[in-house]
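Colleague: Hello! Could you walk me through this structure, and tell me what stands behind each word you use?

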Amino acid sequence: MSAFTSKRLFTTLFPVSTRLTLPRYIKRCPFNLQQTLFKSTSVDSKITDIDHKRVQIKLSESLKPLIPDKDLVFGRNFTDHMLMIEWNAKDGWSDPIIQPYGKISLEPSAMVFHYSFECFEGLKAYKDKEGKLRLFRPDMNMKRLWKSAARLTLPVFNEDELLECLKILIRLEERWVPAKRGFSLYIRPTLIGTQASLGIGSNSRAILFIICSPCGPYFRTGFSAVRLLSTFKNVRAWPGGTGDAKIGGNYSPCVKPQIEAAEKGYQQNLWLFGPDDEITEVGTMNCFVLLDNENGETELVTPPLDGTILAGVTRDSILQLARTWKELKVSERKITMSEVVKALKEGRLREMFGSGTACIVTPIKEINYRGQDLKVPLDPNDASSNAGPITRRISDTLMGIQYGEIPHEWSVVLN
Ligand SMILES: *Cc1c(COP(=O)(O)O)cnc(C)c1O
């Protein structure tokens, strides 16, 4: 190694502020740090990506008792193990480690605590009738995590390799995937910036971890339709913002409006945007409207991915599925509250629902819009029904695919 590259490497690794104290540290270091640092001829050749062949497994010594299905509360109980992959700017991604689920230790100055360097994903593992484990379009979640990470200048990674690591973890946690239809193992990949610094900038350290939580069906006893409070005072996402990234910073500010809605008797916020009250999302779900449009066509509408909408995997699946039926006009376009109100007044509004991994679909039965409660139709042929026929059909089909009852390439078998 030439003196020049060695000096440049030294400067890259240790910014001015740390250089003065470093030599003494190197002398005290039990192993030959200096040799380790300067072994390679270039910084880049040492940077590693995630590699599932390097997964190390440290099994938990005592396994926890499983939670009875009836006691499962969403996101409260976690499995025996978690996956951890550390990253630093010098070396890249370290070997993935599957280790007992437990606390992680971070400095109080870690950037995640101050500037919200955090993004996450949510997907599920299902057990089919034959006991096989299945994931639903997990490649979409890996790609979305990549995009969210890039938006925050958190480190990106090879998505296929991360998915392979995730599969190793899920196979190991097989006993935690409930066998009952509607039950599943919720999987939460999370990426945080952990550099110890109050200076705002990109992180030189990060941790990617995956934890898993067994969960029950969103609706225990059939569907239950929700009442929405349309919300203008607070805005979930805006043009040029980060509404299209699954980052922690988008969610905490939405809790107060959600509590305010709950106090008035509404389960979710209907997030509106702009001077003409465009519909964007429902709580943390994408939003769909089924109506007979002014041209007499039955149209399924969801707002377009213009930067203010989170690109839901369920949203995409519903759009693709409905297009294959060739019965409805399927549109990604802007839809305003005045269009919905007009359709309702003229008897053309058919159904509305939210979509997301947790529930697949949530029927909407009522919207409070500027002080008025608007009744959204559910099933015209069955007054006791809690969901419209199209909402129900979408739910049944997606669930059938997820549990392997309807063969489909979206369902990925693990064992
Ligand atoms: C996660 C999420 C969704 C739903 O995405 P899915 O991939 O379908 O689970 C919708 N909107 C927001 C704001 C979300 O965070």
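Colleague: How do the residues of the shell around the ligand divide into nonpolar, polar and charged?

Modeller: They divide into 3 nonpolar, 8 polar and 3 charged. Ala, Val, Leu, Ile, Met, Phe, Trp, Tyr, Cys and Pro count as nonpolar, Asp, Glu, Lys and Arg as charged, and the others, Gly among them, as polar. Please keep in mind that this is a predicted model: local features need pLDDT of at least 70, side-chain atom pairs count only at pLDDT 80 or more, and totals for chains, interfaces and linings use all residues. Residues are numbered from 1 along each chain as its sequence is written.

Colleague: Which residues come nearest to the ligand?

Modeller: Of the 14 residues around the ligand, Leu-310, Gly-312, Val-313, Thr-314 and Thr-357 come nearest. A residue is near a molecule or strand if its C-beta atom, placed from the backbone, lies within 6 Å of it. β13 (285-292), α9 (313-325) and β16 (349-356) are the elements giving two or more residues to this shell, and α9 has the largest share, 3 residues. These names stand for DSSP runs, numbered from the N terminus: helices are H or I with at least four residues, strands E with at least two.

Colleague: What makes strand β14 largely enclosed by the rest of the structure?

Modeller: A residue is buried if 20 or more other C-beta atoms lie within 10 Å of its own, exposed if 12 or fewer, and partly exposed in between, with C-beta atoms placed from the backbone. In β14 (residues 298-302), 4 of the 5 residues are buried, so the strand is largely enclosed.

Colleague: How do you know that β14 pairs with β13 and with β15?

Modeller: Two strands pair if DSSP finds at least two bridges between them. β13 and β14 have 4 bridges in the antiparallel sense, and β14 and β15 (residues 329-332) have 4 in the parallel sense, so both meet the definition. Asp-292 stands opposite Thr-298 of β14, while Leu-300 has Val-330 in β15 as its bridge partner.

Colleague: Why is the crossover from β14 through α9 to β15 called right-handed?

Modeller: The word applies if, with the strands pointing away from the viewer, the path from the first strand over the helix to the second runs clockwise. The β-α-β crossover from β14 through α9 to β15 is right-handed.

Colleague: Why is Arg-137 called buried, and what is Ser-116 called?

Modeller: Arg-137 has 21 C-beta neighbours inside 10 Å, so it counts as buried. Ser-116 has 17 other C-beta atoms within 10 Å, so it is partly exposed. Ser-116 lies in the loop between α5 (111-115) and β5 (118-120), with a positive phi near 60°. Arg-137 sits in the loop between β7 (133-136) and α6, and its phi is positive too, near 45°.
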